[in-house]
Amino acid sequence: MLPKKLLIITGLSGSGKSSVLHLLEDQGFFTVDNIPVGMLPELIGILSQHPKALENGVAAVIDVRSLDLPDCLPRVLDDLKRKGVDVQILFLEASEDVLLRRYSLTRRRHPLGFMNSLLEGIGLERKQLAQFRRIADRIIDTSALSSAQLRAEIFSILARNPAGLQVTVSSFGFKYGVALDADFMLDVRFLVNPYYVETLKHLSGRDEPVQKYIYSDPMASSFLHQSLELFESIIPVYHFSGKNYLQIAIGCTGGRHRSVFAAEWLSERLGRIDGVECRIKHRDLERDERGGRKS
């Protein structure tokens with residue numbers, strides 16, 4: 001069984017092909033960059049046993065770097081269509097002044113600029129890709145598009161809604177170092193500490209007695225609800241801007257009581273938001289307790 005959908009992304013260098021490929025990868029496509037046209041049938045055959053490719057499809061960037069581009073294109077596409085693969089070609093382009101500006105910002109060399117000026121390379125690339133442009137199912141000029149607008153354009157082509165935002169809420173202990181990969185970091189060391197209650201000391205923030213003890217503090221209730229309101233308001237903005245992942249880290253001293261409870265509380269409620277897939281992680285919960293821990 002072959003993957004039923006192949007989306008070919010091509011067009012001018014600097015027009016946004018890599019951005020589109022990353023976006024499609026986030027949507028579940030099996031993605032590959034800079035593959036020669038002649039290798040497409042072999043790739044599709046190899047992916048006949050790949051669950052992700054079979055379920056969501058394959059997205060491949062093919063551009064002027066593929067040396068066999070002009071000769072192989074018609075034959076390869078016809079062959080794939082005869083085998084039942086739905087092939088769509090998305091061609092990206094931009095105006096010369098925009099491409100020049102983008103290259104000046106990145107300071108990368110144009111793939112056809114080794115023996116030519118940048119402007120000459122852009123012109124030569126347009127000619128070499130003219131065959132792809134003529135048969136493209138959709139042409140997008142990215143000159144004036146923001147990242148969010150390009151994203152919306154791609155989703156309209158796919159006729160699907162964007163995949164949900166994946167939110168990870170993690171707890172950690174400051175004594176073991178901060179969470180360096182967090183988009184947002186909350187410090188709950190100001191909350192009442194179960195470590196100093198003998199009957200709670202050896203439990204964790206997952207245990208109900210600890211949860212009740214911390215939540216009985218009015219400061220805890222107020223802080224948690226305000227934090228929830230904050231994330232409820234910014235999650236849609238993050239998602240619309242093109243971000244598919246959000247990392248929220250909550251820390252206390254040892255990462256066992258207060259931060260674990262707060263992470264559990266927040267994760268449960270964020271997971272109820274439409275379009276949000278929430279998972280929880282406790283970085284330091286299982287660390288060795290020898291020597292005591294104030295958490």
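1. A pocket here is an open set of points, on a 1 Å grid over the protein atoms alone, where a 1.4 Å probe fits and protein lies on both sides within 12 Å along at least five of seven lines, and lining residues have an atom within 4 Å of a point. The model is a predicted one, in which local features need pLDDT of at least 70 and side-chain atom pairs count only at pLDDT 80 or more, while totals for chains, interfaces and linings use all residues. Residues are numbered from 1 along each chain as its sequence is written, and side-chain values use heavy atoms, with hydrogens and water left out.

2. The space in the largest pocket comes to about 810 Å³, a volume being the space filled by probe spheres set on grid points that are joined across faces, edges and corners.

3. At least two lining residues of the largest pocket come from each of α1 (17-26), α5 (96-106) and α8 (147-158), and α1 gives the most, with seven residues. Helices (H or I, at least four residues) and strands (E, at least two) are DSSP runs, numbered from the N terminus. Domain 1 (5-159) and domain 2 (165-291) each contribute at least three residues to this lining, with the bounds taken from an automatic or database domain assignment.

4. Disulfides, defined as pairs of cysteine sulfur atoms within 2.5 Å, number zero in this model. Cys 252 is buried at 0% relative accessibility, whereas Cys 278 is partly exposed at 23%; buried means under 20% relative accessible area, exposed over 50% and partly exposed in between, with a 1.4 Å probe and protein chains only.

5. There are six aromatic pairs, counted where ring centres of Phe, Tyr or Trp (its six-membered ring) lie within 6.5 Å, with planes under 30 degrees apart called stacked, over 60 edge-to-face and the rest tilted. Phe 184 and Phe 231 are edge-to-face because their ring planes stand at 85°, with centres 5.4 Å apart. This pair links distant parts of the chain, 47 residues apart, with Phe 184 in strand β7 (residues 184-187) and Phe 231 in helix α10 (residues 218-240). Phe 184 is partly exposed at 22%, while Phe 231 is buried at 0%.

6. Tyr 195 and Tyr 196 also form an edge-to-face pair, at 5.4 Å centre to centre and 90° between the planes. Tyr 195 is buried at 14%, but Tyr 196 is exposed at 56%.
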